[in-house]
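Open the model in your viewer and keep the selection tool at hand.

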Amino acid sequence: MEVLKEKVEEEEEAEREEAAERGEKVMRPVEMRREEPPMTQEMLRDLEKKLSEIEIVIPEQPSIITRDTFDISKLPLSYQSNTLKEEHLLQVADNFARQYSHLCPDRVPLFLHPLNECGVPKFVSTTIRPTLMPYPELYNWDSCAQFVSDFLSMVPLPDPLQPVVQEEEKVPPKKYAIKPPRDLSSRFEQEQEMKKQQESKVEEEKRRKEEEQRLLEVEKAKIDPLHGLRVHAWVLVLSGKREVPESFFIDPFTGRSYSTQHDHFLGIESLWNHKNYWVNMQDCWNGCKDLVFDLGDPVRWEYLLLGTDKAHLSVAEDEEDGMNDEDVENLGKEDEDKSFDMPSSWVEKIEISPEVFETRCPNGKKVIQYKRAKLEKWAPYLNSNGLVCRLTTYEDLECTKTLEIKEWYQNREDMLELKHINKSTGLNIDYFKPGHPQALRVHSYKSMQPEMDRVMEFYETARVDGLIKREETPKTMTEYYQGRTDFLSYRHVDFGERVKKLALNSAESNPRPMVKITERFSRNPEKPADEDVAERVFLILEERIRLRYHCWDDRITASKREFLRRTEVDSKGNEIIMTPDMCISFEVEPMEHTKKLLYQYEAMMKLKNEEKLSRHQAWESELEVLEILKLREEEEEVHTLTISIYDAKRNEKSKEYREAMERVMHEEHLRQVEAQLDYLAPFLAQLPPGEKLTRWQAMRVKDECLSDFKQRLIDKANLIQARFEKETQELQKKQQWYQENQVTLTAEVEDWYLSYCSQAMFRIRILEQRLNRHKELAPLKYLALEEKLHKDPRLVEFLKVFV
């Protein structure tokens with residue numbers, strides 16, 4: 001060990017000098033060995049005596065492993081025992097631990113070889129076995145870390161200061177024990193005490209709430225007595241390979257990455273991989289911020305094994321010149337003598353099936369309890385509604401009063417992605433991915449009943465009208481548009497009270513009367529500002545129309561115009577269509593043509609038509625809201641999930657199509673094999689070899705071939721008929737059993753019965769079709785074989801007389 005040849009005083013002095021002079025070059029270990037005085041035999045014996053007196057406490061059993069959870073006998077032999085090389089490694093590790101405790105008595109013992117599932121000590125590096133998995137999601141650190149974190153469950157250590165502790169032995173109860181003394185307490189006093197407890201319940205509840213409030217305030221300023229003492233294990237990713245620009249940490253329980261400068265990481269005792277084990281010899285007074293992760297530096301990181309692959313410090317040119325070939329050769333021999341390769345891993349190779357990989361969490365579900373929060377995770381397709389994650393936050397520490405719920409979904413046909421439920425306000429917010437039938441993006445509501453407070457946001461690129469948002473209250477409806485050809489950007493509709501009183505009011509049966517419609521338009525660069533309407537208001541009950549035009553860039557006021565569209569009559573009873581007082585206007589730059597009655601009349605007629613169009617569009621918006629609400633209720637009731645065509649396990653249509661194609665290919669293969677076979681070979685083999693075929697023998701071969709083929713057709717028909725009758729009898733038995741036990745059956749058993757009946761009917765139908773098809777094709781196959789025999793070149797000379 002490198003540190004053994006240095007005195008403790010010299011090491012501490014070197015560390016102080018290094019901390020004071022960070023920028024200076026570190027002395028190489030080779031030069032340290034040259035400058036230090038040689039150790040005498042007496043010094044070595046004294047050191048050996050001190051090391052032998054040091055006792056390293058190695059815990060025997062992990063507290064979190066229970067042997068009754070699995071059968072140890074079924075584990076491989078490498079789990080139950082150690083090889084000679086592993087035993088040698090454990091001795092090396094014990095020696096390393098003794099020297100470490102001697103040189104660093106103030107530091108905690110190293111975590112070197114805990115017990116495995118079988119109670120066998122295993123070195124930590126041998127528990128790691130690098131394995132390449134066939135899933136691209138595991139090739140990047142972020143998705144791989146998330147996958148691992150889903151499989152891990154956080155179990156707090158009994159002792160937060162030690163990674164492994166011994167279980168206390170339970171004292172068996174004694175067979176003979178002294179009887180407890182008789183209870184001489186007064187019942188009256190107990191009853192009085194119970195009354196006092198009942199009376200103080202209200203006060204206790206009040207004090208509890210006050211205490212919770214006080215704890216919330218104290219928690220912020222509370223000092224953790226175990227700050228910096230708790231142990232934890234996490235992953236260090238070193239920079240260099242795979243384009244990693246800088247080193248960073250990964251927390252295995254959350255899958256999140258942290259910088260090495262993060263305040264949550266207060267220090268490192270040791271780190272290891274599948275090749276070696278390193279002990280941190282740097283000061284962690286400032287956490288991990290000042291640590292240098294150069295594992296080839298033995299001053300900062302003391303290694304256990306010398307002969308493994310590790311990064312070495314770069315040697316300066318001037319130092320290389322000072323070393324001759326003999327020194328290099330001696331150094332290589334010394335390293336070769338001390339080398340010891342890490343034994344191969346004792347764990348089995350990780351094998352993750354596609355089903356397990358998709359399951360993510362153990363049994364497809366995982367629950368993580370946080371302070372005032374609970375996180376639940378499910379595997380895709382495990383829940384029928386597509387729910388994969390739920391986060392519930394609570395108001396109290398006991399997690400009894402829910403504040404809000406967030407639910408994430410996958411593979412929903414309605415493209416629902418997230419549902420946010422606020423229990424305190426009653427507000428529900430649904431988020432959708434692109435692809436909803438109504439191009440819905442966000443739906444905020446408190447009730448699914450129509451004409452209530454709600455907000456709908458849409459994907460404007462998926463809609464023809466460019467609607468991006470719709471806000472609705474019992475009395476108003478506001479819509480926001482974008483990218484329209486008529487430059488409409490805003491429409492606000494005010495509704496009045498219904499005249500008709502029906503049991504069920506809706507925009508379709510009894511629409512709400514419209515009182516006011518306000519529309520706003522974006523600037524049209526092709527029109528002058530005085531002719532480009534910025535806002536128009538239809539006062540329906542007052543029969544007025546107000547217009548406000550866009551303002552020029554160099555002006556501070558805009559032109560306005562108001563029309564009175566009610567119809568008047570003169571003294572003779574004639575209808576007055578247009579009068580000068582029916583149009584009130586303010587123009588920044590008055591023009592002659594705008595003052596003419598004809599211009600005002602045409603403008604008012606156009607506005608009347610646009611008012612009808614706006615009212616109709618507002619009515620259509622009400623109907624669309626009803627349609628969306630009805631569609632959302634159906635989607636929430638059915639919650640159909642989408643299945644990929646490549647998912648052969650769940651896609652029934654794809655599975656049936658694939659099975660049909662495989663059946664057709666199998667039948668085609670059988671036909672090709674049958675065509676390649678010599679149908680006369682079994683019958684010609686019965687004749688004496690080498691003799692010429694006679695007419696009588698040819699007739700006999702033909703008759704035997706046809707007879708055999710006919711018998712095979714009959715056997716095949718009988719086989720199909722037997723299978724058909726067997727399936728029919730089994731179905732009848734199941735139906736009779738269902739009739740007898742229908743009242744006592746559960747819903748799950750009924751679902752199984754219906755599924756069985758469906759599959760049985762499918763098999764019966766297929767067998768019936770195959771039997772009918774066989775009956776139709778059998779005579780044709782027989783005639784085809786007979787014709788083939790008459791045309792066979794080996795029989796044609798003898799059978800042409802009988803054709």
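Select C284 and C288 and show their sulfur atoms. In this predicted model, the sulfur of C284 has its closest cysteine sulfur in C288, at 5.7 Å, which is too far for a bond. Seen from the other end, the closest cysteine sulfur to that of C288 is in C284. A disulfide here requires two cysteine sulfur atoms within 2.5 Å, and the count of disulfides is zero. Now colour the two residues by accessibility. C284 is partly exposed, with a relative accessible area of 23%, whereas C288 counts as buried at 1%.

Next, select residues 235-237, 248-250 and 257-259 in turn. What is the order of the strands in this open sheet? The three strands run β1-β2-β3, with antiparallel pairing. β1 (235-237) and β3 (257-259) are at the edges with a single partner strand each, so one side of each has no neighbour in the sheet. Direction ignored, neighbouring strands are turned by 30° against each other on average. Zoom in on β1 and β2 (residues 248-250), which are joined in the antiparallel sense by three bridges. Within this pair, L236 stands opposite F249 of β2.

Last, turn to the cavities. To find the largest cavity, select its lining: D530, E531, Y549, S559, K560, R561, F586, E587, E589, M591, T594 and Y599.

Key. Residues numbered from 1 in each chain as written. Predicted model: local features only at pLDDT ≥ 70, side-chain atom pairs only at ≥ 80, totals over all residues. Heavy atoms only, no water. 1 Å grid on protein atoms, 1.4 Å probe; cavity = no way out; pocket = protein on both sides within 12 Å on 5 of 7 lines; lining within 4 Å. Pairing = 2+ DSSP bridges. Helix = DSSP H or I, 4+ residues; strand = E, 2+ residues; numbered from the N terminus. Axes fitted to C-alpha atoms, helices over the stretch in contact; angles between N-to-C directions. Buried < 20%, exposed > 50% of the residue type's maximum accessible area, 1.4 Å probe, protein only.
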